[in-house]
Amino acid sequence: MSSPNVDGIAAWAINLMETLGAPGAGLAIALENLFPPLPSEVILPLAGFTASKGNMGLFDAVLWTTLGSVVGALALYGVGALLGRERVVAIASKLPLVSVADIERTEAWFARHGRKTVFFGRMIPIFRSLISIPAGVERMPIMIFTLLTTLGSLIWNTAFVMAGYLLGEQWELVERYMGVVSKAVLGIVILAVVVFIVVRLSDKRKGRHHA
């Protein structure tokens, strides 16, 4: 396969796939789950592009990237399970502007919506990795977590691998448009954090005033 003129993460992913084939794509996605700065929006279309050149099968690309997603998610689930509720509460109690009540509300929310969050979270940039940790903390049944993660990852990975396969040399179009979506999600997260801090500081000032 003649590698496209790329550098950085894309070049690293291509080298991995050229060396290991479809398992290389799976390894890249597993690492993407553990280190979110590695964007699946780059790796998955590249896997499809590689498949379009005949260096690996399309089915193999989807299979191995989905397997990599599940392995990475299970690793983060394990981190959450090792931390456990008591450690999370202990850490939260030492953080400024965070209270144990915040943790309890999060637990209640996850108890009601955890399964939908794990499934749909696999298709949202940034949250794809992070959602596995609270699932581990809350000890969601691991078989259910694995099933939901597999299904959500399969949908996401298939869409992006197929896009790269069909676009061929123009696979970068996927990255370009999804980059806008990722930035929008990041902007919403930052805005939510800012609102949370402002509200919490306001509540503290009101508390001191009433006291």
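These are my notebook entries on a predicted protein model.

**Ground rules**

I number residues from 1 along each chain as its sequence is written, and I leave hydrogens and water out, since side-chain values use heavy atoms. For this predicted model I take local features at pLDDT of at least 70 and side-chain atom pairs at pLDDT 80 or more, while totals for chains, interfaces and linings use all residues.

**Entry 1: overall make-up**

I looked up the secondary structure and found 9 helices and 0 strands. Helices here are DSSP runs of H or I with at least four residues, strands are runs of E with at least two, and numbering starts at the N terminus. From the N terminus the order reads α-α-α-α-α-α-α-α-α.

Next I checked burial. The protein has 211 residues, and 39% of them are buried. Buried stands for under 20% relative accessible area, exposed for over 50%, and partly exposed for what lies in between (1.4 Å probe, protein chains only). The accessible surface comes to about 11,600 Å², and carbon and sulfur atoms hold 70% of it. That area comes from the Shrake-Rupley method with a 1.4 Å probe.

I then looked at contacts, meaning heavy atoms within 4.5 Å. Of those between residues at least 6 apart in sequence, 76% join residues at least 24 apart.

**Entry 2: α2 against α3**

Two packed helices are described by the angle between their axes and the distance between the axes. I took helix α2 (residues 22-34) and helix α3 (residues 40-52): their axes come within 10 Å and cross at roughly 170°. The axes are lines fitted to C-alpha atoms over the stretch in contact, with angles from 0 to 180 degrees between N-to-C directions. α2 is therefore roughly antiparallel to α3. The cut-offs are under 35 degrees for roughly parallel, over 145 for roughly antiparallel, 65 to 115 for roughly perpendicular, and oblique for the rest.

From α2, I noted Ala-25, Ala-28, Ile-29 and Glu-32 in the contact; from α3, Ser-40, Ile-43, Leu-44 and Ala-47. These residues divide into 6 nonpolar, 1 polar and 1 charged. Nonpolar covers Ala, Val, Leu, Ile, Met, Phe, Trp, Tyr, Cys and Pro; charged covers Asp, Glu, Lys and Arg; the others, Gly among them, are polar.

**Entry 3: Gly-48**

I stayed in helix α3 for Gly-48. Gly-48 is buried, at 0% relative accessible area. Setting aside neighbours within four places, Gly-48 contacts Val-161, Gly-164 and Tyr-165.

**Entry 4: aromatic pairs**

I counted 3 aromatic pairs. The rule takes rings of Phe, Tyr and Trp (its six-membered ring) with centres within 6.5 Å; planes under 30 degrees apart are stacked, over 60 edge-to-face, and the rest tilted.

One of them is Tyr-77 with Phe-145: centres 4.8 Å apart, planes at 35°, so tilted. Tyr-77 sits in helix α4 (residues 58-94) and Phe-145 in helix α8 (residues 142-167), 68 residues apart. Tyr-77 is buried at 9% relative accessibility, and Phe-145 is buried at 0%.

I also noted Phe-119 with Phe-120, which is edge-to-face at 4.9 Å centre to centre and 80° between planes. Phe-119 is buried at 19%, whereas Phe-120 is partly exposed at 48%.

**Entry 5: Ser-132**

I found Ser-132 in helix α7 (residues 132-137). Ser-132 is buried at 1% relative accessibility. Beyond four places in sequence, Ser-132 touches Ala-73, Leu-76, Tyr-77, Arg-122 and Phe-145.
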